[in-house]
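Let's take a look at a protein together. We'll go from the overall picture down to a single residue.

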Amino acid sequence: MEKALWGVGGGAVAVFGLWWMLALRGDGHRLAGALGLLLVLALGVAGVVRLARGDGGAAALGLTGVLSAWIVLAITGLGVQDQQLLHDRGVTSDGTVVRAVVTSDPMNGRGPSVTAVDVELADGSVAHQVQTGQAHPALGDRLQVTRDPRGVVDTRLGPRPAAPDRTVAAVLLAVLTGCALFTAFAPD
């Protein structure tokens, strides 16, 4: 019975991990992400209980793999999801820098630099606090920005991004699935 429970839990974690990695949990799919997180936590609690009883050394190793892969998958998924959303529905506009935000970090030896800009777009609207990354635009510079019409993803400098490469996510998902199955069928 316990192995069946671990198998169902591991399989559910893998399915929700796949759902999450395909960036489907954005608008209207937050429930799937929340359920996936709850299943991972439940699997973690079950693993801790099994360890406390002293009868799950191999399962604990698999559980450690599941939780580690899930954490890395979640971090990777955030970047993939934002890039996918901007690729799918991002709107690229030309604009002019109307305000530059200059900051410095004297503790790290970094002098003043432009870290964000306000950009007046062709339609007269203003995109506020657009992060500049490695670019250092000045007042009056003409830029291209990509923004999400729904406001889910922050506005970014540059044209609409290409679709994200999901190779790392696919490998992590395979590791997650393998660890979940190992945990489910590990010897007692």
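This is a predicted model: local features need pLDDT of at least 70, side-chain atom pairs count only at pLDDT 80 or more; totals for chains, interfaces and linings use all residues.

What percentage of the 188 residues of the protein count as buried? It's 37%.

How does confidence look here? The protein averages a pLDDT of 75, and 62% of the residues score at least 70.

| Element | Residues | Mean pLDDT |
|---|---|---|
| Helix H1 (lowest) | residues 2-21 | 60 |
| Strand S4 (highest) | residues 142-147 | 93 |

Now for the layout. You'll find four helices and five strands in the protein. Walk along the sequence and the pattern reads α-α-α-β-β-β-β-β-α. Among contacts in the protein with a separation of 6 or more, 66% are between residues 24 or more positions apart.

Time to zoom in on Ala-127, which you can find in strand S3 (residues 126-131). Is Ala-127 buried or exposed? Ala-127 counts as buried because its relative accessibility is 9%, and the cut-off for buried is under 20%.

Which residues does Ala-127 touch, if you skip those up to four places away in sequence? They are Val-117, Asp-118, Val-119 and Thr-155.

Definitions and conventions. Residues are numbered from 1 along each chain as its sequence is written. Side-chain values use heavy atoms; hydrogens and water are left out. pLDDT is the predictor's confidence in each residue, from 0 to 100. Helices (H or I, at least four residues) and strands (E, at least two) are DSSP runs, numbered from the N terminus. Buried means under 20% relative accessible area, exposed over 50%, partly exposed in between (1.4 Å probe, protein chains only). Contact means heavy atoms within 4.5 Å.
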